[in-house]
Each structure stands twice: as C-alpha cells, then as structure tokens.
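Biologist: Could you walk me through this model? Keep it short, please.

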Amino acid sequence: MNAAAIRGYVETDRAAVNAVALAAFAQYAGDYEDWPTFSAGIARMADLAADGDLLVAERGGVVAGAVVHVGPGRPRSAIFPDDWSVIRMLVVDPAARGGGVGRALVAATLERARRAGAPAVGLHTSPIMATALRLYESIGFVREHDLPSNRGVPYARYTLPAAGIAAALARLAAPGTPVSSIKNVVPAQAGAQVVRATEVQAGLGFPPARE
C-alpha cells in the first residue's frame, strides 16, 4: 500500500475533506445526542482552515484523511492556553484505516508544533474513539483532566510537552505503532478540573452547528 502524502489544504479539497469527516464519525451516530445537529458541524470540517493549518492526507490522488494544527496565538477554545499547539479533528476515511494515514497526520501536526516553538501540544478526545486514544497514549500524550460531556459523550484534555515531541515522532515512525483511525477522545478522572461547558462546546474540535 502506498504511503499517504501529507499536504496543505486547498479550497478544491472542501467537499472531499467534509465527506471524509462525516464518514469517519458515522460509527458514533448512536453515541451523540442530537446527531443531526452534531453531524452538520462535522460536515463543515473544512471551515477550520480559517483558524488553523488544515492538513490533508492524499493517497492515489484521493483524500484519505485530514487534521488541523492550531498553532500558538491562533484562535482556540479557552480549554487550551494561547501559547500551545492544538490538534483538532483527526479523521481518516474508514476505507483507508490501518495504512498509517492517521499516524502520518499526527506526525505532521507535531512537526508543526515543534517548528512553532509551542511549550506543549494539547488535544481533547473520548473513550469511544478507542483507536485514536490508544495511538495518542502510545506516543506520550497524558490525560490531564475531564471536560464537560459533549452531547452525552465524555471528553478529557490530553497533553504532550514540547520535550516529548521528538520521542513521539520516533514512535510514530517505528513499525508496529498503533494506527489512528479517527479523531481523539478520553475518559474521566475523579476530582479533575472542569471548565465551563460553553468553553468546551466552542473548542471540542467541531465547527459550530448552524441552524
């Protein structure tokens, strides 16, 4: 299987990126409350290019996955410090899972975080997204605290310090590292810090739903 080529988003990718995002999240249709509204936001993933580096994985001329790197100083939810890099909306086409697409996309975001000089890389994820969660934990991301649930699905914040980026990249490049299949998620921790639900809804990695 050919390796995925990672490149920057261009406007002609809009329909393909949005379609891959919807396909990647389709398996969770029964987990989120008000799925129609939630999925409408997922279907606008390409809108995130306005506030971050939207990266596309292409294989054989077809978009197979995407992710967003939000660098220091770019707009983000209050759940992440302004000087961090943030990973948002890691999605892989179900037909392309198991081929290293997610791993390549994560590596590309970490490279950008390193170049940006971010002191840490943050993300939020949920236990229902088990494959992605295993990948993130395997490269050094650590759960910090719970976040309010999003439409009935639990979330938490994960962090990787800048000092751990090189090791994370080495693990991503090593054979046998678990492959991410879809976006990030995590379990809850008793007594953990909780931020306001409105802040979480603004930064859970999904474009805002529109009426």
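Modeller: Start with a rule for rings. Rings of Phe, Tyr and Trp (its six-membered ring) pair if their centres lie within 6.5 Å. Planes under 30 degrees apart count as stacked, over 60 as edge-to-face and the rest as tilted. By this rule, the count is 7 aromatic pairs.

Biologist: Which kind of pair do the rings of Phe25 and Phe38 make?
Modeller: Their centres are 6.1 Å apart and their planes are at 65 degrees, so the pair is edge-to-face. Phe25 lies in helix α1 (residues 14-25) and Phe38 in helix α2 (residues 35-42), so the pair ties together parts 13 residues apart in sequence.

Biologist: Are Phe25 and Phe38 buried or exposed?
Modeller: Both Phe25 and Phe38 are buried. Buried means under 20% relative accessible area, exposed over 50%, and partly exposed in between (1.4 Å probe, protein chains only).

Biologist: And what about Tyr32 and Trp35?
Modeller: They form a tilted pair, 6.3 Å centre to centre with 35 degrees between the planes. Tyr32 has 4% relative accessibility, so Tyr32 counts as buried. Trp35 is buried too, at 18%.

Biologist: Which residues do ring pairs link into a cluster?
Modeller: The cluster holds Phe25, Tyr28, Tyr32, Trp35 and Phe38.

Biologist: Before we go on, where do these values come from?
Modeller: This is a predicted model: local features need pLDDT of at least 70, side-chain atom pairs count only at pLDDT 80 or more, and totals for chains, interfaces and linings use all residues. Residues are numbered from 1 along each chain as its sequence is written, and side-chain values use heavy atoms, with hydrogens and water left out.

Biologist: New topic. How many helices and strands are there?
Modeller: The protein has 6 helices and 7 strands. Helices (H or I, at least four residues) and strands (E, at least two) are DSSP runs, numbered from the N terminus.

Biologist: What is the strand order in the sheet?
Modeller: It is an open sheet of 7 strands with mixed pairing, in the order β1-β2-β3-β4-β5-β7-β6. Two strands pair if DSSP finds at least two bridges between them.

Biologist: Which strands stand at the edges?
Modeller: β1 (5-8) and β6 (142-150) do. Each has a single partner strand, so one side of each is left without a neighbour in the sheet.

Biologist: How do β1 and β2 pair?
Modeller: β1 pairs with β2 (residues 53-59) in the antiparallel sense, over 4 bridges. Gly8 has Leu55 in β2 as its bridge partner.

Biologist: Last one. How much of the protein is buried?
Modeller: Of its 211 residues, 52% count as buried.
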